[in-house]
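The sequence and the structure come first.

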Amino acid sequence: MLVSIVGGGGSYPPPHFGGPSVAIDFDGSILLVDCGEDCLTGLSVTGYDPCDVEEIFITHIHIDHWAGIPQLAVGKIAEGCPRLKFIGATPVVTSLSEIIPRFLPRSLSYEFVRFDDYYDVNGYSVKLVEMDHTVETYGLLVSDRESKLVAIMSDTRPSNKILNVIKDTILMLFEATLPSALAEIAASSKHTTVTELLNVARQVGANYTIAYHLSKLSLEELRQALRAMQQTRILIGARGLQISL
Ligand SMILES: [Zn+2]
C-alpha cells in the first residue's frame with residue numbers, strides 16, 4: 001500500500017501545498033480522500049494520471065475539501081476516462097449530491113455512493129470515524145486483518161473518543177490547521193492547533209504522524225517546533241510525500 005500526500009494545506013494553504021487530498025493506493029486500486037484546490041497538479045506530482053483515480057471519498061461538505069473536483073473532472077474527460085464515483089458517509093453524500101453536480105461538466109458520468117460503517121477495498125477494511133467539527137465530518141481508518149494501517153483524520157478537534165479509535169495505528173494523518181496562538185479560534189471553528197497535534201501524536205503512538213491541513217502560520221510554528229525536538233516521528237504533510245506500508 002502506498003499513501004501519497006496529493007495536497008497538504010487547509011482552506012488557506014501554504015504556497016505549493018494545495019488543498020487537502022490524500023491518495024491511498026491499495027495495490028493498484030486508488031482511493032482519493034478529498035480533492036482540495038488543485039488536486040489535479042498534486043496527482044501528477046505524486047506520479048498519478050487523472051485516469052488512475054475513479055473513487056473519491058469526501059470527508060465533509062466544506063468546499064476546501066472538494067474544490068479541485070471540477071478541474072479533475074475536466075482532466076478525466078480530456079484523457080478519455082470520464083467517470084467518477086463520489087463516496088462518503090450517508091449525511092455527507094446526501095448534501096454533496098445536491099451541490100457538486102452543479103459544477104461538473106456535462107460529459108462526465110458520475111455516481112454518489114453512501115456507506116454507514118465500513119467497506120472493503122482489495123481485502124482491506126475502510127472504516128468511518130466520526131470527527132468533531134462544525135458540520136458532519138468523517139475520517140477513515142484502514143486496517144488489514146492484523147493491524148490498523150492508516151488513519152486519515154479530517155477537520156476536527158482532538159478528542160479522547162477519536163484518539164482511542166485510532167490508537168496504535170501505524171500511520172496517522174492529523175490536522176494542524178492553526179498556530180497555537182490562535183487556540184480560541186481553533187476551539188470555536190473546531191480545528192486543531194500545532195501544540196494539540198504534538199500531544200495527539202504522543203497519545204496515539206503511531207509509527208509516523210503526518211501533520212496535515214496546514215496553514216502558513218501553523219506550518220511555520222510546526223517547522224520551528226520540529227527543529228527543536230528529536231525523534232518525534234512527525235512528518236510535514238507537504239505535497240509529494242509518499243509512504244509505503
Ligand atoms: Zn472543514
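Through how many residues does a hairpin join β9 to β10? The hairpin between these two strands passes through 4 residues. The model in which it is found is a predicted one.

Strand β9 covers residues 138-143 and runs antiparallel to β10, with 4 bridges joining the two. One of the pairs sets S143 against its bridge partner K148 in β10. Strand β10 comprises residues 148-152 and is mostly covered, since 4 of its 5 residues are buried.

β10 also pairs with β11, here in the parallel sense and over 3 bridges. In this pairing, A151 stands opposite M172 in β11. Together with α4, the strands β10 and β11 form a β-α-β unit that is right-handed.

## The seven-stranded sheet

An open sheet is built from 7 strands in the order β6-β5-β4-β3-β2-β1-β14, and its pairing is mixed. The edges are β6 (109-115) and β14 (242-244); each has a single partner strand, so one side of each lacks a neighbour in the sheet. On average, neighbouring strands of this sheet are turned by 20° against each other, direction ignored.

Within this sheet, β3 (residues 29-33) and β4 (residues 55-57) run parallel and are joined by 3 bridges. L32 is placed opposite I56 in β4. The next pairing, β4 with β5, is also in the parallel sense and has 3 bridges. Here E55 stands opposite K85 in β5. From β4 the chain crosses to β5 through helix α2 (residues 69-78), in a right-handed β-α-β crossover.

β5 is mostly covered, with 5 of its 7 residues buried. Between β5 and β6 there are 7 bridges, and the two strands run parallel. A89 has F115 in β6 as its bridge partner.

What lies between these two strands along the crossover? The unit made by β5, α3 and β6 is a right-handed β-α-β unit. Returning to the pair β4 and β5, which is parallel over 3 bridges, the chain there passes through α2 in a right-handed crossover.

## Helix α2

Which residues of α2 are buried? They are I69, L72, A73, G75 and K76. Seen down the axis of α2, these buried residues fall within an arc of 160°, so they line one face of the helix. An α-helix has 3.6 residues a turn, so residues three or four places apart point the same way.

The cover over the buried residues of α2 includes α1 (39-45), β4 and β5. After α2 comes G80, which has a positive phi, near 80°.

## Helices α6 and α7

In helix α6 (residues 194-204), the buried residues are V194, E196, L197, L198, V200, A201 and V204. They pack against α4 (160-166), β11 (171-175), β12 (208-212), α7 and β13 (234-236).

Helix α7 spans residues 216-228 and contains L219. Is L219 buried or exposed? L219 has 24 other C-beta atoms within 10 Å, which makes it buried. Leaving aside residues up to four places away in sequence, L219 touches P14 and L214. The C-alpha atoms of L219 and G19 are separated by 14 Å, although the two residues are 200 residues apart along the chain.

## The chain as a whole

The protein chain has 7 helices and 14 strands. Its radius of gyration is 17 Å, close to the 18 Å that the globule rule gives for 245 residues, so the chain is as compact as a globular protein of that length. The C-alpha trace spans about 50 × 40 × 30 Å along its principal axes.

Of the 245 residues, 47% count as buried. Among contacts in the protein chain with a separation of 6 or more, 62% are between residues 24 or more positions apart.

Notes. Residues are numbered from 1 along each chain as its sequence is written. This is a predicted model: local features need pLDDT of at least 70, side-chain atom pairs count only at pLDDT 80 or more; totals for chains, interfaces and linings use all residues. Two strands pair if DSSP finds at least two bridges between them. Axes are lines fitted to C-alpha atoms, for helices over the stretch in contact, and angles run from 0 to 180 degrees between N-to-C directions. A residue is buried if 20 or more other C-beta atoms lie within 10 Å of its own, exposed if 12 or fewer, and partly exposed in between; C-beta atoms are placed from the backbone. A crossover is right-handed if, with the strands pointing away from the viewer, the path from the first strand over the helix to the second runs clockwise. The radius of gyration is taken over C-alpha atoms; the globule rule is 2.2 Å times the number of residues to the power 0.38. Two residues are in contact if their C-beta atoms, placed from the backbone, lie within 7 Å. The arc is that of the directions from the helix axis to the C-beta atoms.
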